[in-house]
Number of protein chains: 2
Amino acid sequence: MDFSFQLKKEDSETGARLGLIDAPHGEVSTPVFMPVGTQATVKAMSSEELIEIGAEIILANTYHLYLRPGHERIRALGGLHRFMHWDRPVLTDSGGYQVYSLCNLRDMREDGVLFRSHLDGTKHLLTPELSIEVQRALGSDIAVTLDEVIPNPADYDDAASAMQRSVRWAGRCRDAMKAGSGALFAVVQGGTWPALRAECAEALVDVGFDGYTLGGLCVGEEKAVTFEIIAETVKHLPTGSPRYLMGMGTPADIVEAVGLGVDMFDCVMPTRNARNGTLFTPTGSISIKNARFADDADPIDPDCGCYTCRHYSRAYLRHLYLAREILSSRLNTIHNIHFYVDLIRRIRAAVEAGEYARFRGRFLAAWQKEKREPAKAIA
Amino acid sequence: MDFSFQLKKEDSETGARLGLIDAPHGEVSTPVFMPVGTQATVKAMSSEELIEIGAEIILANTYHLYLRPGHERIRALGGLHRFMHWDRPVLTDSGGYQVYSLCNLRDMREDGVLFRSHLDGTKHLLTPELSIEVQRALGSDIAVTLDEVIPNPADYDDAASAMQRSVRWAGRCRDAMKAGSGALFAVVQGGTWPALRAECAEALVDVGFDGYTLGGLCVGEEKAVTFEIIAETVKHLPTGSPRYLMGMGTPADIVEAVGLGVDMFDCVMPTRNARNGTLFTPTGSISIKNARFADDADPIDPDCGCYTCRHYSRAYLRHLYLAREILSSRLNTIHNIHFYVDLIRRIRAAVEAGEYARFRGRFLAAWQKEKREPAKAIA
């Protein structure tokens with residue numbers, strides 16, 4: 001297995017950690033934020049821009065690439081890295097969440113989930129084995145096990161049954177991976193029941209995976225519940241393995257979750273918000289279409305070092321947004337991804353300095369000056 | 001006047017020329033192709049990308065910027081160059097053509113043209129003086145006189161009357177420019193009547209301008225007529241001034257027009273076609289959405305040195321186009337503008353080598369292997 005994780009440091013006051021992933025396509029320091037490249041492109045970005053910003057790893061969506069252009073096609077073209085001209089690590093999800101969120105017709109069975117494509121209505125059966133086959137065809141550095149996603153709220157029995165199936169499917173994914181290279185992360189499910197989360201985590205750790213993913217969170221539950229479940233789950237995960245919280249979240253969410261011991265994040269929020277003209281600043285987010293920016297010669301954030309803030313005024317960004325220009329999405333996305341990547345840099349520095357609790361307090365106090373963003377946005 | 005044009009070479013067999021423009025924001029070799037930056041951005045491109053491709057000058061549209069974000073706003077923000085982060089020369093048009101093509105309600109009067117904004121229906125009077133004021137506020141390197149645009153076909157009397165008014169307006173533009181820096185090009189009108197074109201050119205040359213623009217062409221007339229009018233008009237223009245053919249055209253059109261003595265071109269075709277998935281190659285254009293490219297690992301053109309052709313396959317470009325990804329517009333636009341800029345480089349080299357007639361013959365023979373593009377596309 002050409003994958004390893006070294007735990008470099010644990011914070012004494014919080015759960016925050018520093019680590020280093022070594023994956024087939026390179027090293028990734030943790031904590032890390034993974035920009036989302038749903039359809040073999042991080043929306044509006046070139047690979048060179050992502051590298052200039054400092055992105056170390058991106059996420060790609062198995063569901064989308066399986067349907068279009070097709071994993072066998074990508075395999076024949078040399079794999080996802082070559083296809084999209086990205087030579088750093090890629091994490092792929094299992095496709096389970098997109099089947100759950102994008103497909104109206106689904107039939108959850110023991111062998112897998114039967115669904116109709118949101119693109120053309122064709123019928124497909126996504127099994128644990130197919131999910132792994134697709135992720136292997138893409139050439140993913142880190143694959144994720146297929147899980148059964150359930151609605152929130154769900155009652156205990158439904159959550160338990162979906163969790164148990166997710167464990168069985170994780171085992172099938174483990175078997176399907178055997179011959180291959182790259183890592184496999186298992187998804188911890190169990191809804192909002194700490195006991196189910198603990199049972200799931202322990203069952204998965206018994207099988208043994210390269211990392212553990214916290215799934216089924218931020219699907220409508222209270223934020224306090226989310227953080228409680230994270231804290232409870234992490235207790236049952238091995239210290240020496242990376243922990244990945246799927247699809248979360250706001251900058252404040254990430255700062256909180258790092259303090260609970262989470263190492264890896266992905267979220268469409270920076271890219272999607274950018275295209276909607278919502279830009280991150282240390283005190284919260286601003287809407288660039290606001291008339292107050294019409295004559296504003298300052299950059300989005302005078303202290304930001306991103307390409308957009310170095311060269312363009314709020315007035316110009318507002319103009320591009322109102323004129324629906326493609327450059328609007330580009331410049332806004334550069335700034336927002338830079339904000340997330342730079343936040344991660346500051347988080348790492350604070351953990352390194354043994355000051356994470358103070359950093360977290362200061363960040364959240366500044367952030368709460370402006371209204372928080374909605375909790376989650378999903379590809 | 002901080003503007004000059006030096007004629008460097010005249011071809012012995014054709015009308016092709018080499019020249020050098022010295023403008024406030026830098027030098028521009030001619031022949032030259034100017035990418036169109038309608039709304040203070042060349043659609044989908046960053047300035048750095050344009051510079052890497054080799055663009056030396058861009059065009060911006062007075063009409064669009066006057067309405068949004070407003071020329072006074074751009075002036076207050078330091079001018080168009082600073083606003084859009086572009087430090088090379090900019091040519092601005094007069095706004096007349098957009099009023100003609102975009103506004104349903106127009107009233108052509110001697111003082112100017114009264115129109116309703118295509119954005120919000122507000123009423124505006126575009127006079128020669130206002131056109132110059134807007135172009136000056138933007139900080140244009142090369143301004144263009146306001147002319148009266150007429151439909152095609154137009155009868156002789158209408159064409160004559162519009163031509164005479166265009167000459168009067170050009171004089172008013174000349175007067176309005178007096179205090180300023182940068183160049184002023186006058187537009188030669190006269191429909192499809194060589195005699196009117198000659199009369200217009202001579203009247204404008206009597207007033208004296210820094211360059212001469214061929215307007216009112218490619219508006220539905222036969223291509224043979226277009227080239228005849230170009231050839232007839234050029235005879236009446238001074239050898240020592242640059243000649244700019246507005247809004248034209250296909251690669252083949254440019255090759256022909258250079259042979260008739262035209263120095264400057266702009267057209268939305270490379271950028272607009274790119275967004276529609278139509279890509280230029282030496283043998284004509286291809287539609288990247290075509291199923292035959294689904295598994296094609298080759299670049300658009302194996303002999304092309306652009307960023308897109310260096311890193312991406314036709315299969316990937318087809319995928320991005322079908323998935324409606326922003327990167328599709330970016331990569332396609334880079335290739336198409338590169339195609340035009342590289343064509344201009346090859347044109348210059350052929351004139352330099354005294355082989356333009358042969359170059360033209362070879363280019364047109366290769367190009368005509370595939371169907372020609374429609375003649376014109378306008379911002």
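Student: What makes 4-268 of chain A domain 1 and 274-367 domain 2?

Tutor: Those bounds are the domain assignment of chain A, and such bounds come from an automatic or database assignment. The model itself is predicted: local features need pLDDT of at least 70, side-chain atom pairs count only at pLDDT 80 or more, and totals for chains, interfaces and linings use all residues. Residues are numbered from 1 along each chain as its sequence is written, while chains are lettered from A and ligands numbered from 1 in the order in which they are written.

Student: How do you know which residues of domain 1 of chain A are in contact with domain 2 of chain A?

Tutor: Two residues are in contact if their C-beta atoms, placed from the backbone, lie within 7 Å. By that test, 26 residues of domain 1 of chain A meet 24 residues of domain 2 of chain A. On the domain 1 side, β4 (32-34), α1 (47-53) and α10 (251-259) of chain A each give two or more residues; these labels are DSSP runs numbered from the N terminus, with helices (H or I) of at least four residues and strands (E) of at least two. The largest share of that side, six residues, belongs to α10(A). The centres of the two domains, taken over C-alpha atoms, are 27 Å apart.

Student: What classes of residue make up that side of domain 1 of chain A?

Tutor: There are 15 nonpolar, five polar and six charged residues. Nonpolar covers Ala, Val, Leu, Ile, Met, Phe, Trp, Tyr, Cys and Pro, charged covers Asp, Glu, Lys and Arg, and the others, Gly among them, are polar.

Student: Why is A:A274 called buried?

Tutor: A residue is buried if 20 or more other C-beta atoms lie within 10 Å of its own, exposed if 12 or fewer, and partly exposed in between, with C-beta atoms placed from the backbone. A:A274 has 27 other C-beta atoms within 10 Å, so it is buried. This residue is found in helix α11 (residues 269-275) of chain A. Beyond its neighbours within four places in sequence, A:A274 is in contact with A:S329, A:N332, A:T333 and A:N336.

Student: Is B:H85 buried or partly exposed, and how do you know?

Tutor: B:H85 has 19 C-beta neighbours inside 10 Å, so it counts as partly exposed. It lies in the loop between α4 and β6 (90-92) of chain B, and has a positive phi of about 60° although it is not a glycine.

Student: And what about A:A44, where phi is also positive in a residue other than glycine?

Tutor: Phi of A:A44 is near 80°, and its place is the loop between β4 and α1 of chain A. With 25 other C-beta atoms within 10 Å, A:A44 is buried.

Student: Why can α14(A) be called largely enclosed by the rest of the structure?

Tutor: Because 21 of the 27 residues of α14(A) are buried. Helix α14 (residues 326-352) of chain A reaches 39 Å from its first C-alpha to its last, close to the 39 Å expected at 1.5 Å a residue. That expected span is 1.5 Å times one less than the number of residues. Just after α14(A), A:G354 takes a positive phi of about 70°.

Student: What makes β1(A) and β2(A) a pair?

Tutor: Two strands pair if DSSP finds at least two bridges between them. Strand β1 (residues 4-10) and strand β2 (residues 17-23) of chain A have six bridges, in the antiparallel sense, so they pair. One bridge joins A:Q6 to A:L20 of β2(A). The two strands form a hairpin with six residues between them.

Student: Which peptide bond is called cis at A:P31, and what is its omega?

Tutor: The bond joining A:T30 and A:P31 is cis, with omega about 0°. A:P31 sits in the loop between β3 (26-30) and β4 of chain A. The bond from A:N152 to A:P153 is cis too, with omega near 0°.
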